Amino acid sequence: LGLVGSEMCIRDRDRFVPYFLDDLCKNLTKLIIICNGKLNDEGKEILSKYGEVIVRENKGFDVWAYKTALQHVGWEELETYEEVVMLNSTIMGPMYSLSETFTKMNDKDLDFWGLTKYFKYDGDPFGCIEYGYIPDHIQSHFIVCRNSLVKSKDFHDYWDHMPMIHNYSEAIGKHEAIFTKHFADMGYKLSLIHISEPTRPRLIS
């Protein structure tokens, strides 16, 4: 199951959108597309070819787009899928078929995984991160949650109690920056398709 949170207007000349969705849908059994704000008729016609399209008030950023999609499908149905993919419209591509990515991760014993990592930062520039700093985390433009996580009470509670997101800082501080650590600290296993440790910033003394 794929859940796409979008805050963009789709036009015929935006060919990267159907290009991405064409490839993504080869790996899904169902796609829910959430559009925050307005969607013109042309855009709706394009997106409707790929899955169910829901247009909602532009509130809560991509975090509440995900929450809306999860609520729309419902936990009972969500728990029947092997994986739930949450991604937003800040991702482009793919350069290579996403089937290679899913195949590579299929045999790994994981509860959730993603594409890229944001490295730890000793400080909270957003002023609302519960840890007081930005921990290492999977970037939220593409996170895949396995059935083991989706069916858990921990996952249900996380989304059921997600507060309204009022600005960009809260979107990062109350979701993207904490999602990975929140579940990793509970013992859920994670990995990335791109292990980027060699690029981690180093302090030079």
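Visitor: Where do Lys174 and Glu170 lie, and how many residues apart are they?
Guide: Both are in helix α8, four residues apart, which is about one turn of the helix. Please keep in mind that this is a predicted model.

Visitor: What do their side chains form?
Guide: The side chains of Lys174 and Glu170 meet in a salt bridge, at 3.9 Å from N to O.

Visitor: Is Glu170 buried or exposed?
Guide: Glu170 is buried, with a relative accessible area of 15%; the cut-off for buried is under 20%. Lys174, by contrast, is partly exposed, at 27%.

Visitor: Which residues does Glu170 touch?
Guide: Leaving aside residues up to four places away in sequence, Glu170 touches Cys128, Met164, Ile165 and His175.

Visitor: How many salt bridges does a search of the whole structure find?
Guide: The search finds nine salt bridges. One of them joins the side chains of Lys189 and Asp109, at 4.0 Å from N to O.

Visitor: Where do Lys189 and Asp109 lie?
Guide: Lys189 is in the loop between α8 and β9 (190-192), while Asp109 is in the loop between α5 and β5 (112-114). The pair therefore ties together parts that are 80 residues apart in sequence.

Visitor: And how accessible are Lys189 and Asp109?
Guide: Lys189 is partly exposed, with a relative accessible area of 36%. Asp109 counts as exposed, at 61% relative accessibility.

Visitor: What about the side chains of Asp157 and Lys153?
Guide: They meet in a salt bridge at 2.7 Å, N to O. Asp157 and Lys153 both belong to helix α7 (residues 153-160) and are four residues apart, about one turn of the helix. Lys153 is exposed, with a relative accessible area of 59%, whereas Asp157 counts as partly exposed at 25%.

Visitor: Let us stay with α7. Which of its residues are buried?
Guide: Phe155, His156, Tyr158 and Trp159 are buried in α7. Seen down the axis of the helix, these buried residues fall within an arc of 160 degrees, so they line one face of α7.

Visitor: What covers the buried residues of α7?
Guide: The cover includes the helices α3, α4 (75-78), α6 (147-150) and α8, together with the strands β4 and β8 (142-146).

Visitor: Which residues are buried in helix α1?
Guide: In α1, which spans residues 16-24, the buried residues are Val17, Phe20, Leu21, Asp23 and Leu24. Viewed down the axis of α1, they too fall within an arc of 160 degrees, so they line one face of the helix.

Visitor: You mentioned α3. At what angle do the axes of α3 and α8 cross?
Guide: The axes cross at roughly 60 degrees and come within 7 Å of each other. That angle makes α3 oblique to α8.

Visitor: Which residues make the contact?
Guide: From α3 the contact is made by Phe61, Val63 and Tyr66, and from α8 by Tyr168, Ala171 and His175. By class, the contact of α3 with α8 has five nonpolar residues, one polar and no charged ones.

Visitor: What is the phi of Phe61?
Guide: Phe61 has a positive phi of about 55 degrees, although it is not a glycine. Phe61 lies in helix α3, residues 61-73, and is partly exposed with a relative accessible area of 26%.

Visitor: Changing topic, what kind of peptide bond joins Gly93 and Pro94?
Guide: Gly93 and Pro94 are joined by a cis peptide bond, with omega at about 0 degrees. Pro94 is placed in the loop between β4 (83-88) and α5 (98-106).

Visitor: To finish, how many helices and strands does the protein chain have?
Guide: The secondary structure comes to eight helices and nine strands. Buried residues make up 50% of the 205 residues in the protein chain.

Visitor: And what share of the contacts joins residues at least 24 apart?
Guide: Among contacts between residues at least 6 apart in sequence, 73% join residues at least 24 apart.

Definitions and conventions: Residues are numbered from 1 along each chain as its sequence is written. This is a predicted model: local features need pLDDT of at least 70, side-chain atom pairs count only at pLDDT 80 or more; totals for chains, interfaces and linings use all residues. Side-chain values use heavy atoms; hydrogens and water are left out. Buried means under 20% relative accessible area, exposed over 50%, partly exposed in between (1.4 Å probe, protein chains only). Helices (H or I, at least four residues) and strands (E, at least two) are DSSP runs, numbered from the N terminus. The arc is that of the directions from the helix axis to the C-beta atoms. Axes are lines fitted to C-alpha atoms, for helices over the stretch in contact, and angles run from 0 to 180 degrees between N-to-C directions. Angles under 35 degrees count as roughly parallel, over 145 as roughly antiparallel, 65 to 115 as roughly perpendicular and the rest as oblique. Contact means heavy atoms within 4.5 Å. Ala, Val, Leu, Ile, Met, Phe, Trp, Tyr, Cys and Pro count as nonpolar, Asp, Glu, Lys and Arg as charged, and the others, Gly among them, as polar.
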